[in-house]
Amino acid sequence: MAKSVIPIGPYHPLQEEPEFFTLTVDGETVVDIDIQIGYNHRGIEKLSERKTFDQSTFVIERICGICSTNHPFAYTRAVEDIIQVEVPERAKYIRTIIAEGERIHSHLLWLGLAGHFLGYNTVYMWVWKLREEILDVMEILSGNRNSYAMFKPGGVRRDINAEDIPLVIKKIDSIIPTLTRLKKAIIDDPVLHARLKGIGILTKQEAIDYCALGPTSRASGVARDVRKDAPYGAYDRVEWDMIVTENGDVFDKVVVRILEMYESIKIVKTCLQNLPDGEIDLNIKDIPPGEGIGAAEAPRGETFHYVRSDGTNRPARHKVRAPTFMNLPTCKTTVIGETVSDATIILAGVDPCYCCTERMAVRSIKGKKLYNGQDLIRLSQEKTETIKKKMGIK
Amino acid sequence: MTIVYLIIYGFLLTAVLGLIAAWIDRKITARIHYRVGPPFFQPLIDIIKLVGKETLIPKGASRAMFISAPVIGFASVVMVSALLWGSNNNLFSSFLGDIIVVLYLLSIPSISIMLGGFASGNPLARIGSSREMKLLLGYELPFVLAILVPVIKSGFSLKLGEIISFQAQNGAFATYASGILALIVCILCIQAKLGLVPFDCPEAETEIISGPMVEYSGTGLAIFRLMKNMLLFTLPFFLIILFLGGFKFSGITILYSVLKYIAFLLVITVIRNTNPRLRIDQAMKFFWGPTTGIAVIAVVLALLGK
């Protein structure tokens with residue numbers, strides 16, 4: 001059969017977000033892939049520069065609906081890095097609880113979607129039903145099922161009530177048996193083995209070369225996790241294991257995510273049981289000029305924020321790098337050589353989140369590309385230089 | 001008489017039963033998923049709604065084939081249903097070799113889907129159609145082998161009527177070891193014929209956006225949908241005739257007939273809800289490897305009289 005092009009996107013039942021993969025196929029085998037994003041650019045970095053440091057937290061939270069806590073986490077850490085302060089101990093614990101709760105619900109969401117992509121809708125529905133439990137927990141803790149609005153530079157916005165804690169622990173315990181049953185059903189299913197084992201292999205070297213992050217790298221044997229490498233929040237105060245597997249195929253990515261949920265449950269429980277007393281907020285008033293970086297391990301990998309302050313109440317520059325930005329290019333090696341059937345689950349295997357990753361492309365009305373990614377990077381670097389000069393920073 | 005059978009039994013009765021079967025299937029699936037599920041008339045409403053929609057024909061499509069493909073598939077299902085009802089209701093209306101005719105007619109829906117997909121000129125439809133073709137080649141071999149079992153068992157009869165009457169006298173073939181094995185093979189094959197998980201790779205929604213159906217809209221899609229719903233009744237019906245002695249409509253046996261069908265539907269629904277989709281090469285290997293093996297064993301057992 002001659003080579004033909006299979007478009008996945010911009011509208012495709014595979015993913016709920018707009019993205020565009022052009023698969024060049026020879027029969028059923030993928031021989032080339034082109035990844036295009038940029039359909040949903042919202043200019044959040046620019047928006048953030050128009051808001052105060054406090055307001056920005058809410059904007060940042062809306063970068064991604066699923067990792068809605070890890071973006072503010074990284075951002076607040078970046079702001080705290082400018083001021084050089086440590087948040088109160090209780091705030092650290094609360095932040096960790098919220099971030100890990102989010103990891104559980106995000107991994108469950110991915111697991112369900114992965115089932116859906118494989119045509120296994122029962123897994124999809126069952127996992128999402130289980131996810132409701134954890135969303136309830138988050139609602140008890142923060143008042144919101146999603147987009148918790150718990151973070152602020154210098155601490156957290158809301159405290160966790162002591163009377164909620166037993167109920168939350170009970171609810172979290174109640175999901176473990178169901179999760180274990182699901183784990184057995186998924187990890188021991190021979191048909192799933194046939195579909196997932198040995199496909200989309202990302203070798204350890206490739207994972208290092210592509211700077212893959214999060215579960216994508218950990219499934220390939222690269223032990224890379226911000227929570228362990230540069231502990232923040234309360235991660236160095238609780239016992240937990242980093243899940244690392246060796247094969248790098250889609251099955252290992254599933255295994256890593258399922259086992260990580262157990263670790264997250266452990267972290268949430270330990271943090272809730274050992275929640276220290278004290279302040280939850282530093283009540284930061286002024287942010288001095290300077291720059292700061294913050295990283296947080298989102299469910300998909302390391303989220304990285306850079307914030308520059310010029311002494312006013314607004315960030316002068318705010319730069320976001322979401323984990324999918326690093327993970328998505330790995331599809332270039334994993335998808336090529338596989339069949340179209342496998343391509344979809346491999347693409348989904350990195351747990352892509354396009355709205356986090358969106359980069360801008362400038363096109364003329366006729367569709368001709370005026371600036372591509374590299375041009376825009378150059379422009380942004382030039383702008384940073386100008387700002388630096390204006391502020392007198394070397 | 002033939003016309004009456006075609007319209008009343010082949011089309012109306014089968015369509016009504018098929019739509020009910022589709023509803024049962026959807027409802028059970030929904031309950032397995034912890035969902036509420038559709039109301040009783042939803043499958044019918046879907047068809048009516050689709051008929052009312054505009055039919056779009058893509059620019060690069062081969063027009064005549066694109067329009068006629070659903071009609072060909074639908075006509076063959078009506079014909080095969082009429083044939084089956086005819087043999088079931090009046091054993092003497094059966095003619096020599098009607099089982100072969102049924103086999104041929106049952107593969108035409110798949111071929112019509114393939115034709116429609118290729119005619120639409122869409123690359124996704126092309127992939128879906130080529131998968132459908134591979135799948136057809138895969139499951140036809142074990143399916144035919146398994147159907148040899150009732151033929152052998154009934155003393156090498158190629159008449160559906162004789163197969164039914166033989167079972168009425170000597171008990172259903174599904175009570176023999178060979179019959180059970182052949183039945184299992186047949187259930188797997190009709191799963192693929194119906195295009196349900198785990199053999200729905202030709203239509204894989206999340207991979208190739210329903211493959212051959214991707215360009216169909218309006219009436220064409222409605223006919224394909226109705227065809228699939230009718231097949232959901234006709235294929236189990238065929239197996240019931242071959243292995244469980246057909247339907248009987250006198251007194252309490254009606255209940256038994258309904259139960260036989262519901263059992264088949266349940267098995268199909270449960271299989272489709274407890275498996276992920278197989279890749280096409282895996283499906284081919286599955287049909288040409290273990291499934292054909294079981295079918296051959298069933299044939300040998302049948303020849304030995306087991």
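**Ground rules.** I'm working from a predicted model, where local features need pLDDT of at least 70, side-chain atom pairs count only at pLDDT 80 or more, and totals for chains, interfaces and linings use all residues. Residues are numbered from 1 along each chain as its sequence is written, while chains are lettered from A and ligands numbered from 1 in the order in which they are written.

**Chain A, sheet β1-β2-β3.** I started with an open sheet of three strands in chain A, ordered β1-β2-β3 and paired antiparallel. For my own reference, helices (H or I, at least four residues) and strands (E, at least two) are DSSP runs, numbered from the N terminus. Two strands count as paired if DSSP finds at least two bridges between them. At the edges I find β1 (3-8) and β3 (29-36) of chain A, each pairing on one side only. From one strand to the next, the twist averages 20°; axes here are lines fitted to C-alpha atoms, for helices over the stretch in contact, and angles run from 0 to 180 degrees between N-to-C directions.

I then followed the pairing of β1(A) with β2 (residues 20-26) of chain A, which is antiparallel over six bridges. Here S4(A) sits opposite V25(A) in β2(A). What packs on this sheet? I get helix α14 (residues 340-349) of chain A, which touches β1, β2 and β3 of chain A and makes about 150° with the direction of β2(A). Contact means that the C-beta atoms of two residues, placed from the backbone, lie within 7 Å.

**Chain A, sheet β6-β7-β8.** Next I looked at another open sheet of three strands in chain A, with the order β6-β7-β8 and antiparallel pairing. Strand β7 (residues 301-309) of chain A runs antiparallel to β8(A), joined by six bridges. I noted S309(A), whose bridge partner in β8(A) is P315(A).

**Chain B.** I count eleven helices and zero strands in chain B. Its radius of gyration (taken over C-alpha atoms) is checked against the globule rule, 2.2 Å times the number of residues to the power 0.38. Chain B comes out at 19 Å, close to the 19 Å the rule gives for 306 residues, so it is as compact as a globular protein of that length. Its C-alpha atoms fill a box of roughly 55 × 40 × 40 Å along the principal axes.
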